[in-house]
Amino acid sequence: MPGPRPVRPGHGPRLADEKSGMQYPEESQPLSQPRHQMSGSHLHPQVTMPGTLALLSVLFSLLHITEGQTFSWGPCPDPPVQENFDVTKYVGKWYEIEKLPASFEKGICIQANYSLKENGKIKVVNQELLSDGRINQIEGEAVQADDELAKLGVSFYWFMPSSPYWVLSTDYENYSMVYSCTTFIWLFHVEYAWILSRTPQLQPETVERLKNLLRSYKIDTEKMRPTDQINCPPEM
C-alpha cells in the first residue's frame, strides 16, 4: 500500500505525529495507526481503481488471445493419464481425427510424426494442408515428465515455454487421446483435446468412447470438430 500523499500549503488543517514529526491532513491518518482502523472499506477509490482496471485490461487481453479456442472459468481439470506409458510404442505417425478448436491449426489433413532423439527427447513434426495447396510444417521437441511419463511438454520455439501434452488414453496401434490445458491468473483456463489415429479414419464407436471419457473428466466436447483427412497429398 502506498504511503500518505504530501499536502500542499493551504489545503486544510494538519495533524502532527508526535513521534515522527510528520504532518497529515485531517482526512488522512499516519501509518502507525491501529490495524483495525485501516480496513479495506476505508481505502480511497484512487488506490483500488487502478489495480482493478489493470486486472480487467489483462483479462480482456487474454480473452482476445483465446478467441476461437475453448476456455472455461476456473483452473484446469486434472484428468488421469495413460498408465505405464511407453513412448517407444507411441512414436510414429498419427492422424488428427477430431479436436477442440485450436487457432494455430488453419488447414486440413493434419498429422503429427514423433521420433526419438539421441538425447532422449522426442522430435515432433506437425503438418497440415493449407487452403492455397501449400503444406505447412513446424518442428518442435517434447520432453517427458519424470514422475508421470504420459505427461509431456511440447515446445516449438526456444523462447516460449512448453505446452502440456497429456496422453490420457492410447492403445498405441489404433488411437490416442491427447489433452492440453493452461490456467490463466486463476480465473479461467484454455484447453485443447485431440483424438488421433494411426490411419486417416477411425471407427465412430471408438471416437464416441473417447469423447465419453473426456466428458467423465468434466471436459466439454460440444465444440469438438472432425478434421478432413480425405484426398490428402501422398507426400504428407
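I start with C76, which is partly exposed at a relative accessible area of 22%. Buried here means under 20% relative accessible area, exposed means over 50%, and partly exposed is in between, with a 1.4 Å probe and protein chains only. The model is predicted: local features need pLDDT of at least 70, side-chain atom pairs count only at pLDDT 80 or more, and totals for chains, interfaces and linings use all residues. Residues are numbered from 1 along each chain as its sequence is written, and side-chain values use heavy atoms, with hydrogens and water left out.

Which residue is the disulfide partner of C76? It is C181, and the two sulfur atoms are 2.1 Å apart; a disulfide is a pair of cysteine sulfur atoms within 2.5 Å. C76 lies in the loop between strand 3 (70-73) and helix 2 (87-90), while C181 is in strand 10 (residues 175-184), so the bond ties together parts that are 105 residues apart in sequence. Helices (H or I, at least four residues) and strands (E, at least two) are DSSP runs, numbered from the N terminus. C181 counts as buried, at 11% relative accessibility. The link of C76 and C181 is left-handed, with -90° about the S-S bond.

The structure holds two disulfides. The other joins C109 to C232, S to S 2.0 Å. This pair also links distant parts of the chain, with C109 in strand 5 (residues 108-116) and C232 in the segment after strand 12 (225-226), 123 residues apart. The torsion about the S-S bond of C109 and C232 is about -90°, so this disulfide is left-handed. C109 is buried at 0% relative accessible area, and C232 is partly exposed at 24%. With the bonded cysteines numbered in sequence order, the pairing is 1-3, 2-4.

Next, strand 8. How many of the residues of strand 8 are buried? Five of the five, residues 151-155, so the strand is largely enclosed by the rest of the structure. In a regular strand the side chains alternate between the two faces of the sheet. Here K151, G153 and S155 are buried on one side, and L152 and V154 on the other.

Strand 8 has neighbours to pair with, where pairing requires at least two bridges found by DSSP. Strand 7 (residues 135-144) pairs with strand 8 in the antiparallel sense over four bridges, and Q144 stands opposite L152. A hairpin of six residues joins strand 7 to strand 8. Strand 9 (residues 163-170) also runs antiparallel to strand 8, joined by four bridges, one of them pairing G153 with P164.

K151 brings me to the rings. Its charged end sits over the ring of W166, 4.1 Å from the centre; this requires NZ of Lys or CZ of Arg within 6 Å of the ring centre and within 35 degrees of the ring normal. Likewise, the charged end of K89 sits over the ring of Y172, 5.8 Å from its centre.

Y172 belongs to an aromatic cluster with F85, Y90, W94, Y114 and Y165. Rings of Phe, Tyr and Trp (its six-membered ring) pair if their centres lie within 6.5 Å; planes under 30 degrees apart count as stacked, over 60 as edge-to-face and the rest as tilted. Y114 touches residues including Y90, W94, I122 and Y165, not counting those up to four places away in sequence, contact being heavy atoms within 4.5 Å.
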